Amino acid sequence: MGKFAININIAGRNYRLKVEATEEEDVRAAATSINDKISEFSGNYAFKDKQDLLAMSNIMFASELIKIKKTTESNAVVAVDKLLKIDEILSN
């Protein structure tokens, strides 16, 4: 399938993006998550402008992604170890 244009709004600004049909739901969900995080931060912290809120949101999402990557890598190592042990048992 080809890409098509969608409009999303983040922090009060509209952005036109070209996405695959399979990506649309995820992109819209990401925009909603960003806006939710901005609303949360704006109610809890002092800020000069929306750039501060966007930066804070970006830090939160990036740190969550890093945690997920570490967990995934750790789980993959454990899974490989278990598979090697199973293979060794089956080989004997």
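This is a predicted model: local features need pLDDT of at least 70, side-chain atom pairs count only at pLDDT 80 or more; totals for chains, interfaces and linings use all residues.

Biologist: Where does Ser57 lie, and why is Ser57 called buried?

Modeller: Ser57 lies in helix α2, which covers residues 50-91. Its relative accessible area is 2%, and buried means under 20%, so Ser57 counts as buried.

Biologist: What makes you say that Ser57 and Lys37 touch?

Modeller: A contact needs heavy atoms within 4.5 Å. Lys37 touches Ser57 and also Phe61, again not counting residues up to four places away in sequence. Lys37 itself is in helix α1.

Biologist: Lys37 carries a charge in my mind, so I'd like to check: is Lys37 buried or exposed?

Modeller: Lys37 has 14% relative accessibility. The limit for buried is under 20%, so Lys37 counts as buried.

Biologist: And why is Glu40 called partly exposed?

Modeller: Glu40, also placed in helix α1, has 39% relative accessibility. Exposed would need over 50%, and buried under 20%; Glu40 falls in between, so the label is partly exposed.

Biologist: Which residues make up the largest nonpolar core?

Modeller: There are nine: Ile6, Ile8, Ile10, Ala11, Val19, Ala31, Ile38, Phe41 and Leu53. The elements giving two or more residues to this core are β1 (3-10) and α1 (21-44). One member, Ile10, touches Tyr15, Ala31, Ile34, Asn35, Ile38 and Leu54, not counting residues up to four places away in sequence.

Biologist: What makes Ala11 stand as buried, and what is its phi?

Modeller: Ala11 is in the loop between β1 and β2 (13-20). Its relative accessible area is 12%, and under 20% means buried, so Ala11 is buried. Its phi is near 55 degrees, a positive value in a residue other than glycine. Most residues other than glycine have a negative phi.

Biologist: Let's step back to the whole chain. How many helices and strands are there, and in what pattern?

Modeller: The protein chain has two helices and two strands, in the order β-β-α-α along the sequence.

Biologist: How do you know how the chain compares with a compact globule?

Modeller: The radius of gyration of the protein chain is 20 Å, whereas a compact globule of 92 residues would have one near 12 Å. The C-alpha trace spans about 65 × 40 × 15 Å along its principal axes.

Biologist: What share of the residues counts as buried?

Modeller: Of the 92 residues, 12% count as buried. The chain exposes about 7,400 Å², and carbon and sulfur atoms supply 56% of that area.

Definitions and conventions. Residues are numbered from 1 along each chain as its sequence is written. Side-chain values use heavy atoms; hydrogens and water are left out. Helices (H or I, at least four residues) and strands (E, at least two) are DSSP runs, numbered from the N terminus. The radius of gyration is taken over C-alpha atoms; the globule rule is 2.2 Å times the number of residues to the power 0.38. Buried means under 20% relative accessible area, exposed over 50%, partly exposed in between (1.4 Å probe, protein chains only). Accessible areas come from the Shrake-Rupley method with a 1.4 Å probe; for residues, only the protein chains shown count as cover. A nonpolar core is a set of buried Ala, Val, Leu, Ile, Met, Phe, Trp, Tyr and Cys residues joined through side-chain atoms within 4.5 Å.
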